[in-house]
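I open this entry with the overall fold and then turn to the aromatic rings.

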Amino acid sequence: MNRLDTTFAALRDTGQAALTPFITAGDPSPDATPALMHTLVAAGADVIELGVPFSDPMADGPAIQSACERALAAGTTLADVLEIVAKFRRDDDSTPVILMGYFNPIDAMGLAAFTERATAAGVDGVLVVDMTAEEAPDTLPLIADAGLAPICLVAPTTSDERIQRICNHAGGFVYYVSTKGVTGGEGIDTARLADEITRIRPYTSLPVAVGFGVREPADAAAVANVADAVVIGSSLVRQVATYNGSLDDTRNRLHETLAAMRQAMNSAMNSIPKTSKTTRENA
């Protein structure tokens, strides 16, 4: 059982959802990122999503685009991202780490070299935004065969037929994009979220994570009530953006922001009657 499976199994046993923060690797610098990752774990992260900086992102809003620009200006490459994970693993061998990015840097390194180096570094899963189930029916299995979970996206506009096709290729968890826009855009509509998650459940036994639009602790709590994982990105990236030369200050702001999300999620889950939790887990 890999780290993702172990983590989600443990959380399922306690009726909790996974807190999954996102930061961009190399922002503000490659040397600073491992320390920021450890801060996220200390604040309650169950899984870390690490963005691979890319010059032409499609799904990322202004906050994460700016983070990519800062990371690229700091000289961050895909090889540096893998080295960041390897450094993180020297002190944390249990927290799952997934990489989120685009196929171009992977293609430039070579898929075989990437999967080998990512596995050796301690990466657990890969979310390649522009690698769809239809366009990469051969590539996604190669990623899975290398021991990396091929995490796939489902959007509000995805048909049921396509959800089934996507879930056939997915590993680790299914990532539900809660809004029709980019990251950090419109707020999340938690009222319709339960129905959207219920629509995905029949097609997969994998956990379902929800991201895009989770801004406030109340959002995180509402998502945790219906999903298996809550992804928080732009709110944290904005804290890193205020880096003023003091890594300790940035770590303190990150910790404060994420810990508030953790506390809200825990309070929400503890208030749910056991019958309701069972319904969610068995849906």
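I looked up the secondary structure and noted 13 helices and nine strands in the chain, taken as DSSP runs (helices H or I, at least four residues; strands E, at least two) and numbered from the N terminus. The model is predicted, local features need pLDDT of at least 70, side-chain atom pairs count only at pLDDT 80 or more, and totals for chains, interfaces and linings use all residues. Residues are numbered from 1 along each chain as its sequence is written, and side-chain values use heavy atoms, with hydrogens and water left out.

I checked burial next: 55% of the 283 residues in the chain are buried, meaning under 20% relative accessible area with a 1.4 Å probe, protein chains only.

I then turned to the aromatic pairs, of which the structure holds three; rings of Phe, Tyr and Trp (its six-membered ring) pair if their centres lie within 6.5 Å, and planes under 30 degrees apart count as stacked, over 60 as edge-to-face and the rest as tilted. One of them is the tilted pair of Phe8 and Phe173, at 5.9 Å centre to centre and 55 degrees between the planes. Phe8 belongs to helix α1 (residues 3-14) and Phe173 to the loop between α8 (160-169) and β7 (174-177), so this pair ties together parts 165 residues apart in sequence. Both Phe8 and Phe173 are buried.

I also noted Phe54 and Tyr102, a stacked pair with 5.1 Å centre to centre and 20 degrees between the planes. Phe54 sits in the loop between β2 (48-51) and α3 (62-73) and Tyr102 in the loop between β3 (97-101) and α5 (103-109), so the pair ties together parts 48 residues apart in sequence.

Note on methods: Buried means under 20% relative accessible area, exposed over 50%, partly exposed in between (1.4 Å probe, protein chains only).
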